2 protein chains.
Amino acid sequence: MFSASLSTQLSLRPGILELYWGQPDPRLLPIEAVREAATRVFTQHGMEVLSYGKEAGPAALLDWIRQRVQHNEGQELPPGETVVTAGNSDGLDQVCTLFTRAGDVALVESPAYHLAIAILRDHQLELEPVPVDEGGLRVDVLAETLRALKRAGRNPRLLYTIPTFQNPTGSCMAASRRRALIELAAAESLLIVEDDVYRELAYDGPAPPSLWSEAPRGVVLRLGSFAKSLAPGLRLGWLNGSVEQVARITGCGLRASGGGVNHATAMVIGEFCAGGAFEPQLERFRAAYGARRDALDAALGRHLPDGCRWTRPGGGYFIWVALPAGMDARELLPVAERHGVAFTPGTRFHHDGGGAGALRLAFSLYTPDELEEAAQRLGSAIRAL
Amino acid sequence: MFSASLSTQLSLRPGILELYWGQPDPRLLPIEAVREAATRVFTQHGMEVLSYGKEAGPAALLDWIRQRVQHNEGQELPPGETVVTAGNSDGLDQVCTLFTRAGDVALVESPAYHLAIAILRDHQLELEPVPVDEGGLRVDVLAETLRALKRAGRNPRLLYTIPTFQNPTGSCMAASRRRALIELAAAESLLIVEDDVYRELAYDGPAPPSLWSEAPRGVVLRLGSFAKSLAPGLRLGWLNGSVEQVARITGCGLRASGGGVNHATAMVIGEFCAGGAFEPQLERFRAAYGARRDALDAALGRHLPDGCRWTRPGGGYFIWVALPAGMDARELLPVAERHGVAFTPGTRFHHDGGGAGALRLAFSLYTPDELEEAAQRLGSAIRAL
């Protein structure tokens with residue numbers, strides 16, 4: 001299906017349906033439209049593409065982001081509250097550099113997006129898990145954890161969370177928890193870093209409002225990304241925060257020295273979006289991934305044995321499956337691979353050793369027919385264990 | 001000459017020759033050739049451009065960098081000793097994240113490239129200056145400084161240096177000092193971060209060998225960049241280090257999560273370079289900037305009063321002028337602007353308050369005729385002060 005040279009990160013073994021990869025389907029990527037935008041922007045603004053860019057990002061892209069946020073969330077986004085990033089991983093990396101200090105505590109979801117955790121570790125932050133369930137982050141547990149940390153003289157600096165269509169659980173934080181979280185963070189001076197990468201991939205109507213949109217300015221830094229709504233190779237995203245927080249980022253040494261990050265690509269995508277290409281592409285993604293979500297959800301219902309539980313996600317790429325009591329996903333994996341299907345064991349997303357009884361399935365890479373087959377193989381593997 | 005919208009960073013006041021900006025001349029940037037490379041790479045490898053890239057960078061670009069290093073420095077560059085960066089500012093930022101800890105001491109040149117200093121500050125490193133003269137960094141003073149720091153119980157972690165065509169002085173570190181520096185750093189476990197951004201802009205034959213090429217592996221991280229040899233808006237460069245050091249970078253959370261940095265642009269420039277477009281473009285830059293260097297050097301000789309001193313640089317963008325004794329460049333600047341010429345006062349490059357008697361002139365933006373005029377205006381301003 002894909003050649004090995006397509007990307008080192010994506011490698012697919014023959015005969016195995018790899019529901020391991022949380023990546024877009026390369027066949028759906030908007031190659032033509034991005035190429036055309038690149039040609040146009042080089043022709044019309046070539047000198048600007050190749051010169052140092054504005055610290056906050058190119059005006060055309062910033063304007064489009066402002067319009068998109070207003071369209072999605074019904075909020076005016078004043079100038080100075082947005083800075084273009086080189087994707088959410090870069091945004092998180094920069095937030096750690098500029099807003100934390102080695103030894104600070106970072107609160108993380110459990111299970112969490114494991115590769116973001118690696119970024120927090122690189123910044124020598126101490127990690128403290130807070131459980132996630134079907135309703136998202138357990139804010140009551142967070143409150144207890146904060147109290148315990150402060151009693152112990154430690155400095156809880158930030159919370160990293162994906163409240164909307166979380167990776168790996170697919171869960172959405174409930175509205176009441178969102179309100180409670182914002183209140184708690186404001187009261188405790190805890191910085192919320194909201195990774196909002198799956199917002200545009202909502203399959204059952206609009207995604208819930210972001211934490212950022214509901215919080216007083218300064219409480220939440222929201223990381224928005226083109227990785228899932230357009231293409232991951234672009235390495236392009238943005239960050240919303242207060243004027244002061246954004247000024248800290250646009251005024252950092254990295255941007256003072258090098259100008260706007262990922263500038264040439266930001267110019268191309270500014271042109272792509274301003275030219276009206278974003279919405280039609282997003283509709284193609286939503287239609288394809290929504291159908292895959294439906295297909296996998298239904299197929300799991302047909303093929304998984306009693307005792308397996310999962311929740312149909314409203315968006316994103318993932319279904320999180322709890323296995324029958326006592327079953328360990330790490331032991332299931334080699335059996336599943338012999339049956340021709342792979343997944344990510346839940347332990348991968350728990351930095352504290354939990355998650356053995358769960359697994360993550362990504363439905364983004366495969367067609368409905370393939371997902372039907374994958375669910376059947378998974379069911380057989382579970383019965384065979 | 002340039003429109004205000006070209007870049008926020010580059011803004012030129014009418015009537016003033018702005019020898020302030022250390023930037024390439026936008027009129028010399030290879031717009032057509034980069035656009036053609038973008039078109040080719042999207043046509044032939046569009047899916048790869050838009051998917052997550054390899055952590056170390058695209059193979060075509062890494063291959064070309066290896067060949068270029070061998071061509072320039074006569075050294076085999078084994079696989080695993082190079083990682084693509086989003087430019088030297090990004091490379092330095094990542095080195096700080098992965099190889100330092102808040103409170104470590106960073107040794108910096110005095111005068112130094114001031115915007116890199118801002119990156120070190122963002123990482124909460126403590127700065128210690130080491131003087132630079134016509135022969136580059138004073139390695140004898142560095143040795144004393146290291147001893148004093150260790151006696152005081154502090155941790156000198158890295159030295160940030162531009163040994164070749166330095167910004168702001170234009171100086172090249174003498175060969176004997178390079179050897180002494182490498183020996184000292186190896187003995188003291190001091191990491192040398194060599195910013196090698198001006199290497200390709202050598203006007204009098206090849207640049208001297210890099211510190212990296214002459215040191216045992218692990219002592220020097222060399223930051224190479226396309227900002228000056230191709231275009232700054234690309235935000236593209238690379239880092240050379242030991243296999244272990246490079247593995248720490250390619251294995252960092254940022255790349256584990258997002259794949260190769262600045263991937264789409266790296267694919268375009270891999271195609272640009274592999275297609276043979278790098279050398280002819282570099283020859284255009286060298287011819288233009290070399291002629292500008294000659295013109296400004298000669299014009300300063302004709303127009304500056306006795307008591308001014310400067311050294312003709314072998315490459316890069318800058319001439320560093322020492323003013324007559326007792327003159328302060330900050331006081332000269334408004335007078336010079338009234339005469340229609342601007343520069344950067346030397347104090348800008350000394351984070352410890354020195355440098356009042358010197359100024360930096362950048363010759364990259366202007367034609368020989370304009371530089372002749374600029375030198376004449378500067379001479380008049382100095383005489384008028």
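**View 1. Strands E10(A) and E11(A) pair in the antiparallel sense.** The pairing of E10(A) with E11(A), residues 318–322, runs over 2 bridges; two strands pair if DSSP finds at least two bridges between them. Helices (H or I, at least four residues) and strands (E, at least two) are DSSP runs, numbered from the N terminus. Arg309(A) has Ala322(A) of E11(A) as its bridge partner. The model is predicted: local features need pLDDT of at least 70 and side-chain atom pairs count only at pLDDT 80 or more, while totals for chains, interfaces and linings use all residues. Residues are numbered from 1 along each chain as its sequence is written, chains are lettered from A and ligands numbered from 1 in the order in which they are written, and side-chain values use heavy atoms, with hydrogens and water left out.

**View 2. An open sheet of 4 strands in chain A has the order E10-E11-E14-E13.** Its pairing is antiparallel. Strands E10 (309–310) and E13 (344–345) of chain A stand at the edges with a single partner strand each, so one side of each has no neighbour in the sheet. Helix H11 of chain A, residues 278–303, lies across E10, E11 and E14 (358–362). H11(A) runs at about 15° to E11(A). Contact means heavy atoms within 4.5 Å.

**View 3. Strand E14 of chain B is largely enclosed by the rest of the structure.** This is said because 5 of the 5 residues of E14(B), residues 358–362, are buried; buried means under 20% relative accessible area, exposed over 50%, and partly exposed in between, with a 1.4 Å probe and protein chains only. Ala358(B), Arg360(B) and Ala362(B) make up one covered side of E14(B), and Leu359(B) and Leu361(B) the other. Strand E11 of chain B, residues 318–322, pairs with E14(B) in the antiparallel sense over 5 bridges, and the bridge partner of Ile319(B) in E14(B) is Leu361(B). Strand E13 of chain B, residues 344–345, also pairs with E14(B) in the antiparallel sense, over 2 bridges. There, Thr344(B) has Arg360(B) as its bridge partner.

**View 4. Helices H2(A) and H10(A) pack at an angle of about 45°.** H2(A) spans residues 59–73 and H10(A) residues 263–274, and their axes are 8 Å apart. Axes are lines fitted to C-alpha atoms, for helices over the stretch in contact, and angles run from 0 to 180 degrees between N-to-C directions. H2(A) and H10(A) are therefore oblique to each other; angles under 35 degrees count as roughly parallel, over 145 as roughly antiparallel, 65 to 115 as roughly perpendicular and the rest as oblique. Their crossing is left-handed, a term used if the near helix is turned anticlockwise from the far one by less than a right angle, with right-handed if clockwise. On the H2(A) side of the contact are Ala60(A), Leu61(A) and Trp64(A), which meet Ala266(A), Ile269(A), Gly270(A), Cys273(A) and Ala274(A) of H10(A). These residues divide into 7 nonpolar, 1 polar and no charged. Ala, Val, Leu, Ile, Met, Phe, Trp, Tyr, Cys and Pro count as nonpolar, Asp, Glu, Lys and Arg as charged, and the others, Gly among them, as polar.

**View 5. Strand E2(A) is covered on both faces.** Thr82(A) and Val84(A) are buried on one side, and Val83(A) and Thr85(A) on the other. E2(A) and E9(A) pair in the antiparallel sense over 4 bridges, with Trp238(A) of E9(A) as the bridge partner of Val84(A). Gly241(A) lies in the loop between E9 and helix H8 (243–250) of chain A and, at 0% relative accessibility, counts as buried. Leaving aside neighbours within four places in sequence, Gly241(A) contacts Glu81(A), Trp212(A), Arg217(A), Val220(A), Leu221(A) and Val246(A).

**View 6. A cis peptide bond joins Ser110(A) and Pro111(A).** Omega of this bond is about 5°. Pro111(A) lies in the loop between strand E3 (105–110) and helix H4 (114–122) of chain A. Buried residues of H4(A) include His114(A), Ile117(A) and Leu120(A). H4(A) is followed by Gln124(A), with a positive phi near 60°. Gln124(A) counts as partly exposed, at 24% relative accessibility.
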